[in-house]
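User: I am new to this structure. Please walk me through it.

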Amino acid sequence: MLTERIEDDDDRRARERLCAATRLVRPVDTLIRLVAAPDGTLTPDLKRVLPGRGVWVTANRASVEEAMRKRAFARLLKRPVEVPTDLPDVIERLLRKAALDMLSFANKAGLVLSGFAKVMDAIDSERVSRRLVAVIQARDGAEDGGRKLAQAVKRAYWDKNAPNFITIFDSAHLDLALGRTNVIHAALCAGPAVTGFLDRVAALAFWQDGGLASAEPHPSSEAPLQADDEPSTQDAAPSQDGDDVS
């Protein structure tokens, strides 16, 4: 079993850290860093940039709740801290916002199609379907629409290189990210911003259930917790309406 390692002076540069809940050393990409704010409030540091001594915990809700139950944060930080009772909810909101921000960026880059008819047309189009890497259905969308999309994907791909099917967001989340109303379905074409979005979706799914049941990462990407990294500048220029994918 892995045991605690000697800490560097600046834990933000570490590759591995001790999980406050499990007491196991894990890669930092599977952990969340938290620090004590000047007023003593425990604060999530998803970007790993805040100064001060950090404490790390496996990046899922169950682990954070276990660390809170054990009162492990103050012990590892070696100082009194105020742990917000809604800390797990705060972290989930930050992770969700990071994913939706990247979805918005992908939309501006012309990599997102929205609307049931457009998504179905993209799946059925040989030219566009080769570029699809994800299909989104709002969590509160009708089951019938999701079933039809799943059947279309199966017909078009025969389970080979099929796009990820994401059901982790409500329609209201998609409305905000895409700047429209009543968004239930969307399709995403390959591009750096979409890869970043899928990374963040995987991080959010892992946070919620400890695994990737709600969205599997695209083969070219892992599931890092650097959820607020700046997107690549290599994305395609945005289309005029944010819908058309050339």
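The questions and answers below move from the whole chain to single residues.

User: How many helices and strands does the protein chain have?
Analyst: This is a predicted model. Its protein chain has 246 residues, and 48% of them count as buried. The secondary structure comes to eight helices and nine strands.

User: What share of the contacts with a separation of 6 or more comes from residues 24 or more positions apart?
Analyst: Start with the surface: the protein chain exposes about 12,800 Å², and carbon and sulfur atoms supply 51% of that. Now turn to contacts with a separation of 6 or more. Residues 24 or more positions apart account for 68%.

User: How many residues of strand 3 are buried?
Analyst: Strand 3 covers residues 31-36. In a regular strand the side chains alternate between the two faces of the sheet. On one side of strand 3, Leu31, Arg33 and Val35 are buried, and on the other Ile32, Leu34 and Ala36 are buried too. Both faces are covered, and the count is six of six.

User: Which residue in strand 5 stands opposite isoleucine 32?
Analyst: Strand 3 and strand 5 (residues 54-58) run antiparallel. Five bridges join them. Within this pairing, the residue opposite isoleucine 32 is valine 57.

User: Is threonine 58 buried or exposed, and which side chain makes a polar contact with it?
Analyst: Threonine 58 sits in strand 5. Its relative accessibility is 5%, so it counts as buried. Beyond its sequence neighbours up to four places away, it touches residues including Cys19, Thr30, Leu31 and Phe206. Its side chain joins one of those it touches in a polar contact of 3.5 Å: arginine 26.

User: Which residues of helix 7 are buried?
Analyst: Helix 7 (residues 171-178) is mostly covered, with six of its eight residues buried. Those buried residues pack against helix 3 (87-108), strand 6 (112-114), strand 7 (132-137) and strand 9 (185-189). Glycine 179 follows the helix, with a positive phi near 70°. The buried residues are Ser171, His173, Leu174, Asp175, Ala177 and Leu178.

User: How many residues are in the largest nonpolar core?
Analyst: In soluble globular proteins, nonpolar side chains tend to be buried together. Here, the residues with the most contacts inside the largest core are Leu34, Phe73, Leu103, Ile166, Phe169 and Phe197. Phenylalanine 73 touches Leu34, as well as others including Ala20, Val55, Met68 and Leu87. The size of this core is 55 residues.

Notes
Residues numbered from 1 in each chain as written. Predicted model: local features only at pLDDT ≥ 70, side-chain atom pairs only at ≥ 80, totals over all residues. Heavy atoms only, no water. Buried < 20%, exposed > 50% of the residue type's maximum accessible area, 1.4 Å probe, protein only. Helix = DSSP H or I, 4+ residues; strand = E, 2+ residues; numbered from the N terminus. Pairing = 2+ DSSP bridges. Polar contact = N/O pair within 3.5 Å; in protein donor to acceptor, adjacent residues only side chain to side chain. Contact = heavy atoms within 4.5 Å. Core = buried A, V, L, I, M, F, W, Y, C linked by side-chain atoms within 4.5 Å. Areas by Shrake-Rupley, 256 points an atom, 1.4 Å probe, with all protein chains shown as cover.
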